[in-house]
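Hi,

Here is the structure I said I would pass on to you. Have a look at it first, and then read on for what turned up in it.

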Amino acid sequence: MSVLKIVDGRNSELSQLTEIIKYVKNPEKNSHGLLAGIGVRINAAAEDMKTVKVLKNKITGRQYIHFLLSFDQGVDAVTAHRIGKRVLMYQAHNYFQILMAVHDNTANVHCHFVLNTVGKGTRKFSQSRAEMLKFRDYINRILEEERLNPIGAEQE
């Protein structure tokens, strides 16, 4: 089954944003260099996200949202990257910067996402349970189009 996991971490320090992006982009975990982003330059994602925070004068509080999408065994890195890029598009209309990297160093290839909690619009990121379920349904439609098991569905 595919798994969507929100990594609940205390990340109230601006320096933590740099560290998580460094982890996500780690070439030992991302051997194919498969990265994508919206509203950020891949090689300067942390700086780009910090710039928005400073310009909006919102440098306190939660710095980022970190989530990952893990796939069934047998999904290759290129397929994961294609799916990950489509997942990125969900946040694009909300004007939130987001970075994605494929990790292929485990039995299950997975995508890590780092979302800036300060958008280019007027509000900080927040997501109700209903919005989270809508996001999960969006991802499930992508997975079904790819003929992969949706989030929470056992492999047949």
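**What I found**

Let's start with Leu88, which lies in helix H3; helices here are DSSP runs of H or I with at least four residues, strands are runs of E with at least two, and both are numbered from the N terminus. Before going further, note that this is a predicted model, in which local features need pLDDT of at least 70 and side-chain atom pairs count only at pLDDT 80 or more, while totals for chains, interfaces and linings use all residues. Residues are numbered from 1 along each chain as its sequence is written, and side-chain values use heavy atoms, with hydrogens and water left out.

Back to Leu88: this residue is buried, with a relative accessible area of 2%. (Buried means under 20% relative accessible area, exposed means over 50%, and partly exposed is in between, using a 1.4 Å probe and protein chains only.) Leaving aside neighbours within four places in sequence, Leu88 is in contact with Ala36, Gly37, Ile38, Ile98, Leu99, Met100 and Phe113, where contact means heavy atoms within 4.5 Å.

**The cores**

Next, the nonpolar cores. A nonpolar core is a set of buried Ala, Val, Leu, Ile, Met, Phe, Trp, Tyr and Cys residues joined through side-chain atoms within 4.5 Å. The largest one has 31 residues, and Leu69, Phe71, Val87, Phe113 and Ile139 touch the most other members. Two or more residues of this core come from each of strand E2 (35–38), strand E3 (64–70), helix H3 (77–92), strand E4 (98–103), strand E5 (110–116) and helix H4 (129–145). Which element gives the largest share? That is H3, with six residues.

**The rings**

Now the aromatics. A pair of aromatic rings is described by the distance of the centres and the angle of the planes. Rings of Phe, Tyr and Trp (its six-membered ring) pair if their centres lie within 6.5 Å; planes under 30 degrees apart count as stacked, over 60 as edge-to-face and the rest as tilted. By that rule there are four aromatic pairs.

Take Phe67 and Phe113: their ring centres are 4.6 Å apart and their planes are at 10°, so this pair is stacked. Phe67 lies in strand E3 and Phe113 in strand E5, so the pair ties together parts that are 46 residues apart in sequence. Both residues are buried: Phe67 has a relative accessible area of 4%, and Phe113 has one of 0%.

Then there are Tyr90 and Phe135, with ring centres 4.8 Å apart and planes at 45°, so that pair is tilted. With Tyr90 in helix H3 and Phe135 in helix H4, the pair ties together parts that are 45 residues apart in sequence. Tyr90 counts as buried at 12% relative accessibility, and Phe135 counts as buried at 2%. Leaving aside neighbours within four places in sequence, Tyr90 is in contact with Glu131, Lys134, Phe135 and Tyr138.

Ring pairs link Phe67, Tyr90, Phe113, Phe135 and Tyr138 into a cluster.

**A cavity**

How many cavities of 30 Å³ or more does a search of the whole structure find? It finds one. (On a 1 Å grid over the protein atoms alone, a cavity is a set of points where a 1.4 Å probe fits but cannot get out, and lining residues have an atom within 4 Å of a point.) The volume of the largest cavity is about 40 Å³, a volume being the space filled by probe spheres set on the grid points, which are joined across faces, edges and corners. Its lining is made up of Ile6, Ile65, Phe67, Gln91, Leu115, Phe125, Gln127 and Phe135. Six of the lining residues are nonpolar, two are polar and none is charged.

**Two positive phi values**

Asn57 has phi near 55°, a positive value in a residue other than glycine. Asn57 sits in the loop between helix H2 (45–55) and E3, and is exposed, with a relative accessible area of 67%. Arg147, also not a glycine, has a positive phi of about 60°. Arg147 lies in the segment after H4 and is exposed, at 79% relative accessible area.

Happy browsing!

Technical notes
1 Å grid on protein atoms, 1.4 Å probe; cavity = no way out; pocket = protein on both sides within 12 Å on 5 of 7 lines; lining within 4 Å. Nonpolar A, V, L, I, M, F, W, Y, C, P; charged D, E, K, R; others polar.
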